[in-house]
Structures are given as structure tokens and as C-alpha cells.
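Below is a short briefing on one protein model.

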Amino acid sequence: MKNFLTKLLLFLLPIILAGGIAEGALRTIPNDYATKSEAVMDQADTLEVLFFGSSHTLYGIDPSVMRIEGYNLAHPSQSLDLDYRLYQRFAPHLPKLSTVVITVSSFSLFSTLATGLEKWRLANYAMYYDLDLPWSLENQTELFSNAFKTSALKLWRYYISKQNPIRINAFGFQAKPASSTLDFTESAILAASRHTYSDWSAFERQTKALTDFVAAATANGQRVILMIPPATAAYVERISTAQMEKTRKMLSELEASNPLVTVLDLLEDDRFELSDFYDADHLNLQGAHKLSELLDHMITTP
């Protein structure tokens, strides 16, 4: 038995060492999560506004064109419970924080990153934002949160091809170009399908997360803007009416119960034209600057 264990250890040791080296190499690669975490702390003494949400915020709000000192703290598929966790993580370190903008899309109250198709992203919040998540190899490592092919490609692109993996600007915003050849109807069908849920089991958890988030921010004297982001008519026609009714009702209740809360419903706002969109539900750079300037005026106007 002892001889078997010795041979097993000798067999596994190179694998363990290779895995450790690969994990270290992957964590050394710059990424948007670590970059945002460091940027918020670097700007802690000056930040006045934080913008939370999923890709609708990430591609839709560029603080660089604003007069206020703001930072975009959104990521693809980031759910409301993680928005709140990030607020808890950073708000105590931001003495000038006066406003938080939380994007609430048609799917926000009905989904979580942890149970969605992109749950592999969850590990980034433990590794690079230092959030306390349930321990698992998937939640705590680069190697086990991604497919082997994905990890190998990341290593190749950074260390061999010397590609820069950072896609955001200094304010946390990621620009999307105009998509003149895109079929917006097809894009709307696909997006609306992804964003429609027959299972509403996440609603209670996400409602609580948003309610607690709003309560914490307003208790700190911070203004809260709950924004329903703009989208194309093709997308609006296809998203769940029931989800939107539930969402608008919940946001209205939060607004009515606290004078520091404002709901900004831009879903069908005619100030946004088709030329402002990258696809059916995401703004391009032109649209993002339009939205950013609108928010800047709203925040800075007494």
C-alpha cells in the first residue's frame, strides 16, 4: 500500500506542479475585473458616482464624457445580488460617493449569475474582488472556472501573441462600434428569448438584493437612480410583458417609499434611435455617449 501511494504521488506531482504554474500564469494576466477593483480603490478619494449593472451598463455608460467623477462597475451578466456585494465592498472606502446608478433590465429581477449560463464568471468576483463566495474549485480558480481550451487560449494570446486583454477604458466603460450590417430583428429575437424566464424563483432573492442595496445607499445619504436602459423597438416588442410589469411595479414602490430614489425608464425613450445601438439591446459608442450625457445632466442638475 505504501509503495502504491508513493508511485501515485510521483505520478500526480508533475500534474499538480503544472496546474499550479498554469493557475499562477493565468492570474497574472491582466483582466477587467482586477483592473476595475484596483481602479476604484486608486480613485477612492474622488469618486462621486458608481454605475452598476450587466452589459447594458458596461457598454452603455462612459463616465469619461461626464462632468462628474464616476466609474462603471458593471460586467457581462452581473446580477443585482453582485451589484449589491460590490457596493458593500467599495462604498465604505469612497468618502465622496453621492450617487449610485443601478441598471435594472427586463431580466434583472429574474436571474442570477450563479445559476445562469455564464456562471463561470462568478470566480472572478472571488479572485479579483475578494468577495466571500461558497468555496469550490470552480469559484476560486482560473483553471476550474473555465474550459481547458479557454485557459490555453488565454495563455497563448497573452504570453505568445502579446495581445492586450484589457477591453475597458480608464473609467470602466467598454465601447461597442456601430453594427450597420446587423439584422436587428434577429438580434431582438435571440436576446428576448435569453431574457425571458418561465422560472421566477430568483425574483424573491433579487428583489431583496435590490431593496437592501437601495436601503443601504439611502441610509448613507446617497441618491439612487434606478434605470431601465434603452432598447430597440424590435427588442421591446418581444420581451416578457409580465416581467416588465413586475419590474416597473417594484421600482415604482421603491421610488414612492424614499425621496432619494428616482426611477429613470428609458426603455422606449424616443431620444435613442436605431443608429445608437450596437445590437437590439446594447448601445454603441454613439448611443453610450448620449446616455452618459443624459445621466450627467440628471445627476448634476439640482
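Is K162 exposed or buried? K162 counts as exposed because its relative accessibility is 64%, where exposed means over 50% relative accessible area, buried under 20% and partly exposed in between, with a 1.4 Å probe and protein chains only.

The model is predicted: local features need pLDDT of at least 70, side-chain atom pairs count only at pLDDT 80 or more, and totals for chains, interfaces and linings use all residues. Residues are numbered from 1 along each chain as its sequence is written, and side-chain values use heavy atoms, with hydrogens and water left out.

**Positive phi**

- K162 has a phi of about 60°, a positive value although the residue is not a glycine.
- K162 sits in the loop between α8 (148-160) and α9 (184-194); helices (H or I, at least four residues) and strands (E, at least two) are DSSP runs, numbered from the N terminus.
- S77, also not a glycine, has a positive phi near 65°.
- The loop between β2 (70-72) and α4 holds S77, which is partly exposed at a relative accessible area of 31%.

**Nonpolar cores**

- A nonpolar core is a set of buried Ala, Val, Leu, Ile, Met, Phe, Trp, Tyr and Cys residues joined through side-chain atoms within 4.5 Å.
- The largest such core has 62 residues, and L73, Y87, Y125, L210 and L226 have the most contacts inside it.
- Helix α4 (residues 80-90) gives the most to this core, namely six residues.
- A second, separate core has 19 residues, among them I68, M227, L266 and M298.
- Not counting residues up to four places away in sequence, L226 touches I102, L210, V214, L251, L254, V261, T262, V263 and L264; contact means heavy atoms within 4.5 Å.

- Helix α13 (residues 285-300) has 16 residues and reaches 22 Å from its first C-alpha to its last, close to the expected 22 Å, which is 1.5 Å times one less than its number of residues.
- At the N-terminal end, N284 caps α13, with a side-chain oxygen 3.1 Å from the backbone nitrogen of Q286.
- Buried residues of α13 are G287, A288, L291, S292, L294, L295, D296, M298 and I299.
- Those buried residues pack against the strands β1 (49-52), β3 (99-103), β4 (223-228) and β5 (261-265).
- H282 lies in the loop between β5 and α13 and is buried, with a relative accessible area of 9%.
- Apart from neighbours within four places in sequence, H282 is in contact with S55, H56, Y59 and F277.

**Pocket and cavities**

- On a 1 Å grid over the protein atoms alone, a cavity is a set of points where a 1.4 Å probe fits but cannot get out, while a pocket is an open set with protein on both sides within 12 Å along at least five of seven lines; lining residues have an atom within 4 Å of a point.
- The largest pocket holds about 780 Å³ of space, a volume being the space filled by probe spheres set on the points, which are joined across faces, edges and corners.
- Its lining has 36 residues, and S77, E118, R194, H195 and Y197 lie nearest the centre.
- α3 (55-58), α4 and α9 each supply at least two lining residues of the largest pocket, and α9 gives the largest share, four residues.
- Residues lining the largest cavity include H56, S105, Y235, L267 and D281.

Technical notes: Polar contact = N/O pair within 3.5 Å; in protein donor to acceptor, adjacent residues only side chain to side chain.
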